[in-house]
Amino acid sequence: MRGLMRILLKYHFGILFIVLEIISLTIYINDTENNKNIILNSSHAIVAGFYNASSHVFEYFNLRKINYQLNKENAELKGKLKSAYKDNEINILDIYDSVYTKKYYHISAKVINNSINKQHNYLTLNKGSKQGVEPEMAVVSPTGIVGIVKEVSNNYSSVISILNTKLNISAKIKRNNYFGSLTWDGNDYTRMLLKEIPNHVERHIGDTIVTSGFSTIFPGGKLIGIISDFSDENNGNFFNIIIELSTDFKNLTYVYIIGNYDKTEQLDLEERTIND
Amino acid sequence: MIKIYLRNILRFVILVLFQVLVINNIQITPLLNPLIYTLFILLLPFETPGWLLLIVAFVLGISVDIFTNTPGLHTSATVFISVFRPFVLRSIAPRDGYEAGTFPRLAFYGFNWFFRYTLILVFIHHLFFFILEAFGFSNFLFIISRTLLSSFVSVFLIVLSQYIIYRD
C-alpha cells in the first residue's frame, strides 16, 4: 500500500495527465459519435448571454444586406396576399376547408453566434423553449436552409449548421425528384456535396436542389442551392454533385425556425411500421 | 501572492472571451483558425506545480469548448500541450536558468526566447487540435495547411500582445 502511494506520488504528473486526457477524449468521441451533448453547449444562459451582447455590436455591420433581403422577401410575400389577386368570385362564402390544414408554423429568430471555419459548425439563436422552440426543428433563412435545432434552453437554442461534417440531409433535384443525401466536406462554406444520385439521372449545371421533405424536420421543396459541378469519381452506379449554396452563411442574421404539427404522428406511424 | 492569483484569473476570463467573441469571428477561410487562448498556459508562473497546470488547462479547455459547442476538443488539445510545457521550458532555458521573481514573458527573457517558446507549444496545440477536429488523417494536406497558417497567425498575435499589453 505504501509502495503504491509512493508510485502515485512520484508519477502524479503523468497519471493526472493520462486521466484528464482520457476524460476529455471520451467526452469528445462520445459527442462526435452519438451527437448527444447534454451539458456542454452554447444554449446555456450565461454563454448565450455573452454571444447575445456581442451580436448587438456586430449586427450593425450587416444591416444593409439584411434590409435588402427582408425587402425582397416582403415583396415576394405581398405578391401572395389576397389583395394581390383579382377577385373573380361571385358568391363570397368563408368555408372551413378540411382539405387544407396547417402543417408548419414559423418562429422568427436572430442568429447571435455563427461559425463557418470549423469542421463542426454551430449557430446560437435568441429563441428558446419559452418561445416554443424544440430540438429537431428546422432552421431556414430567407434564401435557403440553415440547420437543425440541437438543444434548447429557456431563451436560447443551439443549432447544428448544415456546414457540419456530422450532418446528412435528404435533398432532391427539383426537376426530376431524384433524391440523395447532402453532406459537407468541411472545406468551402459555399459548397456542399449531394451523394447517391444514380448514374442515369439527367442533370444539368444550374439545376435547383431542394429539400426532399421525407424527414419530419424540413418541409419539402425548401431551397438549398444550384448544381455547380459533377464529380466523376463514381463508386459504381452513383455519382456526386457539387452544389453551390444559395444561403451566404457569412452574413446570416435573421432566420426562421419551422415546427411541424404532424411530427409526432408521422414518427409514431413510422416507428410502428418498422417494429412490425 | 494574491495579486498573482487575481491577475491570472482575470487573464483567464479575458483570453477566453477574446477567443470566442473576437478571434472566432475571423471567418475568412477554413484554413485560418487562430487559437490564442493558450497564451494563458504560456504565461503561468515558472513555479506552477504540474498538477495545477494540468487542472487549469482542463478548465481552460472546457470553458472554450462550452462556447464553441465542441465538448472535449479544446480540452484535449490544451491538456496535451500543458504536459509539454515543463519539458519545453527546461530545454530552452537560458544558461543561468530562470531567475526567481520572473515570469515566462518576453519582457524578461527577450524576443528570441519567447518566440521559440510560443512557436513550439502553439504548433503542437494546433496540430493536435486540427487532427482531432478532422477525426483522422484522411485529408492530411488540409490539416497541415490549416495548422501552418493558423499557428503562424496565432504566434504573431501572441507575440504582438506582449508588446502591446505587457511592456513592463
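**Where chain B meets chain A**

Let's start where the two chains meet: 39 residues of chain B are in contact with 37 residues of chain A. Keep in mind as you look around that this is a predicted model. Putting the chains together buries about 3,600 Å² between chain B and chain A, and carbon and sulfur atoms give 67% of that area. On the chain B side, B:Gln27, B:Asn69 and B:Pro71 lose the most area to chain A, together making up 20% of what that side buries.

What about polar links across the boundary? Between chain B and chain A there are eight residue pairs in polar contact, counting pairs with both residues at pLDDT 80 or more, while the count of salt bridges is zero.

Now see which parts of chain B do the touching. Helix 1 (2-22), helix 3 (50-68), helix 4 (73-82), helix 6 (106-134) and helix 7 (140-164) of chain B each supply at least two residues to the side that touches chain A. Helix 3 of chain B gives the most, with nine residues. Sorted by class, this side of chain B has 25 nonpolar, twelve polar and two charged residues.

Next, a look inside chain B. Helix 4 and helix 6 of chain B pack at an angle of about 145°, with their axes 9 Å apart, and their crossing is right-handed. From helix 4 of chain B, the residues making this contact include B:Leu73, B:Phe80 and B:Ile81; among those from helix 6 of chain B are B:Leu121, B:Phe128 and B:Glu133. By class, the residues of this helix 4 and helix 6 contact in chain B split into nine nonpolar, four polar and one charged.

Technical notes. Residues are numbered from 1 along each chain as its sequence is written. Chains are lettered from A and ligands numbered from 1 in the order in which they are written. This is a predicted model: local features need pLDDT of at least 70, side-chain atom pairs count only at pLDDT 80 or more; totals for chains, interfaces and linings use all residues. Side-chain values use heavy atoms; hydrogens and water are left out. Contact means heavy atoms within 4.5 Å. Buried area is the accessible area (1.4 Å probe) that two parts lose on being put together, summed over both. A salt bridge is a side-chain nitrogen of Lys or Arg within 4 Å of a carboxyl oxygen of Asp or Glu. A polar contact is a pair of N or O atoms within 3.5 Å; within protein, one must be able to donate a hydrogen and the other to accept it, and residues adjacent in sequence count only if both atoms are side-chain atoms. Helices (H or I, at least four residues) and strands (E, at least two) are DSSP runs, numbered from the N terminus. Ala, Val, Leu, Ile, Met, Phe, Trp, Tyr, Cys and Pro count as nonpolar, Asp, Glu, Lys and Arg as charged, and the others, Gly among them, as polar. Axes are lines fitted to C-alpha atoms, for helices over the stretch in contact, and angles run from 0 to 180 degrees between N-to-C directions. A crossing is left-handed if the near helix is turned anticlockwise from the far one by less than a right angle, and right-handed if clockwise.
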